[in-house]
Amino acid sequence: MRTRHFLFTLGTALALVAGGCDKKDSTTTGPQTNTPPPFPSVTVTGPSTTSSDTYAQTTIAYATAFGALTNPAMFTPFSGQNSVQSGNTWTWTVTAGTLTITFTTTKEADGSYTWSWKQNGYDSSSHTTYVNWVFISGSRSADGKNGEWMIYEDNTTTLSARLTWATNAGGTLTATWFGYTNGVITDKLVIVNNSDKSGELTVYDGTVLIFKSTWIANGSGTWWTYSSSTGLQTGTGTWS
């Protein structure tokens, strides 16, 4: 099953986050006239099961990895620090030697939020110099039910991954991860979480479905695998 791009993007993102945490020397503090908005996040979950079935565990692993990219832990370098507010914009700044990392959130006129993580300066651990490099950018609706994240390849403007989520009136959350190579979508992962705790996972190699699983509220489920070259089903099974 094709997972390398997804896991590579996850690893790169978490490494950059960890670097910011480990090397934090100082943060910018300043007055705030309003409480800053929370850091962007969306919660996705897999089936609630203790099954040792390989494909149940695969489903859980995908959901867990997806969740690691979409929770507030991504913003640990800035949490607990004061932001500097200017109008409807809040900015957090972390310095690590000659590297400066800023996270900026802006409240738009319609109540939605846009935000970006930007790096400047020299990172001694990777021997890389950044000039206004945007690591992650995104937006979310005023109620947080819809949004988008974009992750870029290190020190470039080339899109590495995009995450979108949308919640319908019935409370069903659909979250999608797209992986890119040279601007072309090479991988796609979709997780559906229903309000009754049932759900679905689909994994694509490019546009070809290669894995699907569904589960009900008690965590039991069904899985299917498909050939990446022909799209034909190659296996199916259940777990409880």
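This is a predicted model: local features need pLDDT of at least 70, side-chain atom pairs count only at pLDDT 80 or more; totals for chains, interfaces and linings use all residues.
Reader: In which sense do strand β2 and strand β3 pair, and over how many bridges?

Author: Strand β2 covers residues 84-86 and strand β3 covers residues 89-96; they pair in the antiparallel sense over three bridges. Ser86 has Thr89 in β3 as its bridge partner.

Reader: How many bridges join β3 to strand β4?

Author: Eight bridges join them, and β3 and strand β4 (residues 99-107) run antiparallel. Opposite Thr95 stands Thr100 in β4.

Reader: Which residue takes a positive phi in the hairpin of β3 and β4?

Author: Gly97 does, with phi near 65 degrees; two residues lie between the strands of this hairpin.

Reader: Now the charges. How many salt bridges does a search of the whole structure find?

Author: The general idea is that side chains of opposite charge can pair when their charged atoms come close. Here the search of the whole structure finds one salt bridge. The side chains of Arg162 and Glu148 form a salt bridge, at 3.1 Å from N to O. This pair links distant parts of the chain, 14 residues apart: Arg162 is in strand β8 (residues 159-167) and Glu148 is in strand β7 (residues 146-152).

Reader: Why does Glu148 count as partly exposed?

Author: Partly exposed lies between buried, under 20% relative accessible area, and exposed, over 50%. Glu148 has 23% relative accessibility, so Glu148 counts as partly exposed.

How values were computed: Residues are numbered from 1 along each chain as its sequence is written. Side-chain values use heavy atoms; hydrogens and water are left out. Two strands pair if DSSP finds at least two bridges between them. Helices (H or I, at least four residues) and strands (E, at least two) are DSSP runs, numbered from the N terminus. A salt bridge is a side-chain nitrogen of Lys or Arg within 4 Å of a carboxyl oxygen of Asp or Glu. Buried means under 20% relative accessible area, exposed over 50%, partly exposed in between (1.4 Å probe, protein chains only).
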